[in-house]
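Here's a quick tour of a few strands and the nonpolar packing in this structure. Have a look at the model first, then we'll walk through it.

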Amino acid sequence: MSVTGSDELTLDLISSRGFITEAQAEQVRATVDEKDVTVPEALAQLDFMAEEQVLMILASEYGMDTFDLKDYRIPSEAVALVPGTIARQYRVVPVMRNDSTIIVAMSDPTDLETLDSLRYILKTDVEGVIAPKAQIKAAIDHHYGNLEESVDSFIDGMTEAVEVSEVTHSGNFLSPETTETDDDAPIIRLVSLIILEAFRKRTSDIHLEPLEKRFRIRYRIDGVLQEVDNPPKYLQNNIISRLKIMARMDIAEHRIPQDGRIQISAMGRDLDLRVSDVPTTHGESIVMRILDKTSVQISISELGFFADDQETIEKIIAMPDGLFLVTGPTGSGKTTSLYAFLNQLNQPTTKIITVEDPVEYELAGVNQVGVNNAAGMTFSKALRAMLRQAPNIIMVGEIRDEETGTIAINAALTGHLVFSTLHTNDAPSAVARLIDMKIKKFLVASAVRAIMAQRLLRRICKSCKREVEPTPDQLVALGLPASYFEGNPIYEGKGCADCSHGYRGRLGIYEIFTLDEGVQDLIYKGSAAGEIRRYAREHGMRTLREDGLRKVAAGISTLEEVVRVTAADETDVMV
């Protein structure tokens, strides 16, 4: 630590009052440089003055009070006012609250920038009192935990060593008012470890959940949440604050939900993390969706279609116009399917525009528009603007209301091929959903070319795959006769180092519903969704469960997975 301008002011003040000579001041400068200490610490080490005496002189000069933290019990409500990350970063500790002002103990009364930064970050008035640096560090370790020891202990206790340096941030994720210090290193290392371990385990979402007595971390692997080693509860606020800083969120705001984004490089891959922060009873819950940019270059053949279904899909997306809907719950792979379709259609002779909320992945050669409701850029407004760009193909992230649905359907009727999604349980129900949105029946019947419902099944791990017999309970749950799999062996994964509980990766199961004249007549007549579904089944539509059973018979997935994913599908399987 070299002698700064504020250090010189301190030395001049001490010298002018006759406490040290100029020769002693030179010794202090040399000690500061050699031992990386502050001027008050150097004066104490050289036995020229006690650190407390120096602080009293400085406090008097700058109109501040001194504070002895040794025997002072800091109220817990005061500690809660300043996140641990901020306390360590600025080397301050909150000691009390006086009306709307937070009083913090600091060791350098000349550091007025710290008080200004804290006022900005904490969105309230902050005043300082002076205390020895060692007392402040001890108070931080006591109230926020000794980060270095806690993090090292947690990492040592993990079952698998992780090279944390493989995670790097691309860009500056700190606001102009914040900087990283050596005290931040343990938490930075721990957060990097959490992200890297998630990526190594092929995780799609990281869930950090504050519970009453513990801070739970869960990874969603192949669609199923799995709990991993939990860090100590008292590290909760440090970890949450660090992630909020990285995601450019307001770290002083704990009452309302926030959204942000983190960009990192991990193991040679560029990743985007979409971050959601929601206040809960026991703290802030954060969920990070990991968006691997390499995963968007997927082709239709990699989605899990059998040859007959792939041929049907390729015919649908080759149509010059019309609306093609993909339905399913959140996390069922709808966006991945749409991107695969757009990848196949993305040619130099074709103009493609998408409107998404948010834009999850960037597609080369595709014009992508992000919804921004705060700025007035809604789905409907973006869609209207897109039509003036003369596109051949349009993708609307989701049809949420009558206005967006009507514009999308009119676009489909005026020479555009339109892709979009809906939240319905099966394909035929999408027709009723559009009509419920007050979209006219004749528009739905005329514009919609096909609807595809989908879910994701976990794949059996190839490394530990073994043949098994179906259990009576599984057959009953699926409504299958005992002879259903005769001549077709079925498999499951035993579990090994290459997989997660016998599974590795996922593939889709699909229900593809093409609208012919018969369906159009039913829509014109206002037929119920059940009647439309019966017609579709009679004319060859395969259900999600039936497609899942085909994947089981092909040795790709398990009966257990089909039962889990298609539990809501009560349609009888055609035997």
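Two strands count as paired if DSSP finds at least two bridges between them. Strands (E, at least two residues) and helices (H or I, at least four) are DSSP runs numbered from the N terminus. Keep in mind that this is a predicted model, where local features need pLDDT of at least 70, side-chain atom pairs count only at pLDDT 80 or more, and totals for chains, interfaces and linings use all residues. Residues are numbered from 1 along each chain as its sequence is written, and side-chain values use heavy atoms, leaving out hydrogens and water.

Let's start with strand 6 and its two partners.

| Pair | Sense | Bridges | Residues between strands |
|---|---|---|---|
| Strand 5 and strand 6 | antiparallel | 7 bridges | 4 residues |
| Strand 6 and strand 7 | antiparallel | 4 bridges | 2 residues |

In the hairpin of strand 5 and strand 6, Pro210 sits opposite Phe215. Strand 6 is largely enclosed by the rest of the structure, because 6 of its 7 residues (215-221) are buried, meaning under 20% relative accessible area with a 1.4 Å probe, protein chains only.

Now for the cores, which are sets of buried Ala, Val, Leu, Ile, Met, Phe, Trp, Tyr and Cys residues joined through side-chain atoms within 4.5 Å. The largest has 41 residues, and Leu434 is one of those touching the most other members. Helix 15 (residues 402-413) gives this core its largest share, 5 residues. A second, separate core has 34 residues, including Met64 and Ile130.

Technical notes:
Buried means under 20% relative accessible area, exposed over 50%, partly exposed in between (1.4 Å probe, protein chains only).
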